[in-house]
Amino acid sequence: MRIRLAVLSDVHGNCLALLKVLEDAAKRGIDRYIIAGDYCLSGAWPDACIQTLKELPGACIIRGNEERYLENLIGKDQRTWTDGQMQISYWNYRNIQKENLEYILSLPQETEFEAGGVKIHVAHSSEAFLGAYEFGKFGPAILAERYGEAEFTPEKLQKDIQEILEQDPEFQEKIAALEDGVYIFGHSHVQWKFQAKDRNVVLINPGSCGLPLDAIRDSIPYSIMTVLDDATVEVEEIRVPFDKAAYVEELKKTTQFTEARVWTEVIIRELLTAREHLTFFLQFVNQYAESIGDVRRPFSVETWERAYEAWKQGGDHVLRT
């Protein structure tokens with residue numbers, strides 16, 4: 001019997017995007033869902049995202065790396081939460097219901113199961129299967145530097161990634177070390193897939209439905225995996241139209257925007273451009289703090305906010321003076 005599974009990841013508090021994807025998947029006759037982690041720390045509706053996923057029938061759900069930032073706050077004295085850098089974590093911790101926080105923290109970090117005679121492995125990051133390969137070759141920071149502000153299409157992105165994978169001996173060695181099956185992961189916010197020609201090895205990264213960083217600006221991604229009667233696998237990459245500007249206006253009305261404004265504004269820039277910015281901003285803040293002799297970590301509110309204002313203006317001139 002044919003089985004259709006929707007694969008999505010990296011919701012990051014963007015419940016509007018999550019609902020769009022689930023609505024699209026339902027119209028396509030999905031039997032089960034696989035959700036590969038990261039439900040908070042960017043969009044302002046993490047609690048609604050978690051509640052929605054809890055109620056999703058037939059779902060395989062694991063936790064991501066962002067959840068550990070909230071786990072590390074459990075039992076801590078909130079009177080000490082006075083820095084700027086972690087404001088987004090503090091806001092999320094205070095705005096996720098206790099039972100929903102307990103739920104995401106109870107999820108496994110990795111899992112595997114069988115569907116239609118095919119073994120399926122799920123982890124948040126490809127590092128579980130490929131080591132550091134993905135981020136070094138076409139992670140979001142690499143794409144941002146490689147493509148700049150150029151407009152992109154899903155077809156062009158997939159073609160570029162396929163060329164890298166097919167021509168790289170290092171990748172072929174990593175594939176050879178994997179047993180037959182499907183390997184699902186997210187984390188990079190870049191949608192891609194790979195199906196070996198001579199073996200039943202399939203890799204699926206559905207991208208980030210909540211915060212795509214794959215240089216494609218007008219839509220949000222997820223993937224559909226179909227297991228056929230003969231245990232072969234087909235993968236379809238889906239892009240769902242999404243009004244990012246309208247979403248940003250709603251985001252600006254929330255307490256997250258007022259209480260964790262720097263982080264939220266950087267995320268808004270990422271969402272609207274579909275480009276990595278946070279990595280570059282964090283690097284800049286560290287350089288800025290060193291330039292003024294500030295050794296406090298996490299960064300203080302003053303250093304965090306002043307660095308952001310300098311970064312918005314180009315930043316480099318501040319570090320040279």
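Predicted model: local features only at pLDDT ≥ 70, side-chain atom pairs only at ≥ 80, totals over all residues.
## A friendly first look at the fold, pocket and cavities

In strand β3, Cys60 is the residue that stands opposite Ile34. The protein holds 16 helices and 10 strands. Its radius of gyration is 20 Å, close to the 20 Å that the globule rule gives for 321 residues, so the protein is as compact as a globular protein of that length.

**Overall dimensions**

- Along its principal axes, the C-alpha trace spans about 65 × 45 × 35 Å.
- Of the 321 residues in the protein, 56% are buried.

- Strand β1, residues 3–8, pairs with strand β2, residues 32–35, in the parallel sense, and four bridges join them.
- Between β1 and β2 the chain passes through helix α1 (residues 15–27), making a β-α-β crossover that is right-handed.
- Within this pairing, Val7 stands opposite Ile34 of β2.
- Strand β2 also pairs with β3 (residues 59–61), again in the parallel sense, over three bridges.
- From β2 the chain reaches β3 by way of helix α2 (residues 46–54), and this β-α-β crossover is right-handed.
- Ile34 is a handy landmark here: it stands opposite Val7 and opposite Cys60 in β3.

**The largest pocket**

- How big is the largest pocket in volume? The largest pocket has a volume of about 540 Å³.
- The lining of this pocket is made of 27 residues, and the closest to its centre are Asn65, Glu66, Trp263, Leu278 and Leu282.
- Five helices each supply at least two residues of the lining: α3 (67–71), α4 (87–95), α8 (140–147), α13 (261–273) and α14 (278–291).
- Sorted by class, the pocket lining has 13 nonpolar residues, nine polar ones and five charged ones.

**The enclosed cavities**

Rolling a probe the size of a water molecule over the atoms shows where empty space is left.

- The structure has two cavities of 30 Å³ or more.
- The largest cavity has a volume of about 40 Å³.
- Its lining consists of His12, Asn14, Ser42, Gly43, Gly210, Leu211, Tyr247, Leu251, Ile267 and Leu271.
- Helices α11 (244–251) and α13 are the elements that give two or more residues to the lining of the largest cavity.
- Lining the second largest cavity are Pro154, Leu157, Gln158, Gln191, Ile216, Glu237 and Arg239.
- Helix α9 (154–167) and strand β10 (233–241) are the elements that give two or more residues to the lining of the second largest cavity.
- Helix α9 gives the largest share of that lining, with three residues.
- The lining of the second largest cavity divides into three nonpolar, two polar and two charged residues.

**Backbone features to look for**

Most residues other than glycine have a negative phi, and most peptide bonds are trans.

- Which peptide bond is cis? The bond from Arg297 to Pro298 is cis, with omega near -5 degrees.
- Pro298 lies in the loop between α14 and α15 (301–312).
- His189 is not a glycine, yet His189 has a positive phi of about 65 degrees.
- You can find His189 in the loop between β6 (181–186) and β7 (191–195).
- Is His189 buried or exposed? With a relative accessible area of 6%, His189 is buried.
- Ala274 is not a glycine either, and Ala274 has a positive phi of about 55 degrees.
- The loop between α13 and α14 is the place of Ala274.
- Ala274 is buried, and its relative accessible area is 0%.

Methods
Residues numbered from 1 in each chain as written. Heavy atoms only, no water. 1 Å grid on protein atoms, 1.4 Å probe; cavity = no way out; pocket = protein on both sides within 12 Å on 5 of 7 lines; lining within 4 Å. Points joined across faces, edges and corners; volume = space filled by probe spheres on them. Nonpolar A, V, L, I, M, F, W, Y, C, P; charged D, E, K, R; others polar. Pairing = 2+ DSSP bridges. Right-handed = clockwise from strand over helix to strand, strands pointing away. Rg over C-alpha atoms; globule rule 2.2 N^0.38 Å. Buried < 20%, exposed > 50% of the residue type's maximum accessible area, 1.4 Å probe, protein only.
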